[in-house]
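Please open the model in your viewer and keep the selection panel at hand. The stops below proceed from one selection to the next, each with a short account of what is found there.

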Amino acid sequence: MDVRSVFTEVSYLFASILFILGLRGLSHPDTARRGMHLAEFGMLLAILGTLVNREIVSYEWIIAGLLIGSTIGLAMGLWVPMTAMPQRTALSHAFGALAASLVGISEYYLHGAGLGQFKMSALSFEVLLGSLTTTGSLVAFAKLQGLMPGSPLTYKGQNIFNLSLLAVTIICFVCLLFFPGASVLFYLMLILAFTFGVLLVLPIGAADMPVVIALLNSYAGLAAAATGMVIGNNVLIIAGTLDGGSGFILSIVMCKAMNRSITNVLFGAFGSVSETTQASEGQMREIGLDDVAVQLAYARQAVFVPGYGMATAQAQHVLRELADALEDRGVTVKYAIHPVAGRMPGHMNVLLAEASVPYSQLQELEVINPEFPSTDVAVVIGANDVVNPDARDNPTSIIAGMPILEVDRAKMVVVLKRGQGKGFSGLVNPLFFKPNCGMLYGDAKESLTNLVQAVHNA
Amino acid sequence: MPAETLIATFYVLILAAFLGYQVISRVPSLLHTPLMSATNAISGISLVGSLVTAGAHHTIVSAVLGFLAVTCSTINVVGGFVITDRMLKMFRKRETPVARKED
């Protein structure tokens, strides 16, 4: 081993350690930034360690790629608004997976038939996961960005068609292990994987995106880990596994928060079910702006429950203004965050942090639920299914068993809603018909702005 | 590939998986979005694989594939770290305790 390779290996070892320390920093908001700086330093080390590699003979393609990538990355990093985080994340999964896939294709193109069985299986795995994640993430991006309808796209026999496509892909995979030189099979598998990625995400509705994004995150990571196995690089295996593991853990957390299995999310086409069995009972009660303002102004504790509606209305800043106005009057203000509120894990927390809400006020489901009975006013802003009491009370409901924020136990509930339409899942929400619930119709941002004024005058 | 290398590779894989589980399950749901963009940036380490592919110059095809891969991973590394930092900067404790009006 010469000096250069020793330097490379040592830089990889340090990078791996720094990545792990960096992720450990994320266990608390106070240490998180420092942790990320460690990870950034690790990345720099690994890149420098690679650039001295003997195999690298020319630098023009590398420099071009680094320059273009840094420019695009920096621009995206600086200017993507926080409300667009789900889209950006989906897009970055696509980039990561595409990179893994391209390295795999190049390896196959160069060494093809000469690859041993182990390397060939790792390579196929890499290309398979990488390709399906690339197109799957692009579809998720299009849905989140509104370039495509967010509703599930379904047709008859969809699951059977998708599964048979997957079966053919796996047959190609297995055959390649025995005939690594059969490049037709390799490119066929590649095309099938790209197609499968699209078909996999098409039937998934926008409300299920938190699970899908987490799952695609996991796939992108595993593809990177497989790349590490193909080129025999440990830091890649470690970083890829960390990414894959994190995505997997997140998707399980998200599924638990919806009381559904991953299979059900992927193949259930939730949301396409039109629930007609439950007729809406009773009357929704509309409540006046001034009433709400008075109730809030004289409350002891108010809890805000944000949902995706807050993100689309960009209402987080004015919500914070309302909270400030209330706190000035001595009201205790808290925010109840459901794990699947929004379109990606932790979405609401980031938006509220952007509006400089201190994180100590952001409460998780288990913490805030016992507090609702002693809460004077709960304000639901563009959330629906996560506060649907049917999940708790009605065992026949399709969301039965899903943990909810029990706002209906508060002394009074105010629901900010655009109109009388149903929630994303198409379910009737009995909360809206409860006697302690009032509806405040209109754009969330506008309603909140008016509320701030009304509270000042109250 | 010799059996020893294969076994060593699996050791790394399995240990990384265990360690990852331990570290990541400690991340509070408050920070799940930054976690996702951070792991994304970190897995941009596939850049090191892409660098070799782009620079080894076996054929023009592999160089171009490598170049594209370098671009994609650099976008993730740079963009991922920048945006993670931007997000983490926003998470703060209450800066000044709000004076409660007692009456």
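**Where the chains meet**

Begin this tour of a predicted model by selecting the contact between the chains, to which chain B contributes 80 residues and chain A contributes 96 residues.

**Chain A as a whole**

Now select chain A, in which 17 helices and 6 strands are assigned. Its radius of gyration is 25 Å, close to the 23 Å given by the globule rule for 458 residues, so chain A is as compact as a globular protein of that length. Along the principal axes, the C-alpha atoms of chain A fill a box of roughly 75 × 50 × 35 Å. Of the 458 residues of chain A, 54% count as buried, and among its contacts between residues at least 6 apart in sequence, 79% join residues at least 24 apart.

**Into the core**

Select A:Val305, A:Val380 and A:Ile381, which touch the most other members of the largest nonpolar core, a set of 189 residues. Helix H8 (residues 209-231) of chain A gives the most to this core, with 17 residues. Finally, centre on A:Val380: leaving aside residues up to four places away in sequence, A:Val380 touches A:Val305, A:Val387, A:Val407, A:Val413, A:Val415 and A:Leu416.

Terms used. Residues are numbered from 1 along each chain as its sequence is written. Chains are lettered from A and ligands numbered from 1 in the order in which they are written. This is a predicted model: local features need pLDDT of at least 70, side-chain atom pairs count only at pLDDT 80 or more; totals for chains, interfaces and linings use all residues. A nonpolar core is a set of buried Ala, Val, Leu, Ile, Met, Phe, Trp, Tyr and Cys residues joined through C-beta atoms within 7 Å. A residue is buried if 20 or more other C-beta atoms lie within 10 Å of its own, exposed if 12 or fewer, and partly exposed in between; C-beta atoms are placed from the backbone. Helices (H or I, at least four residues) and strands (E, at least two) are DSSP runs, numbered from the N terminus. Two residues are in contact if their C-beta atoms, placed from the backbone, lie within 7 Å. The radius of gyration is taken over C-alpha atoms; the globule rule is 2.2 Å times the number of residues to the power 0.38.
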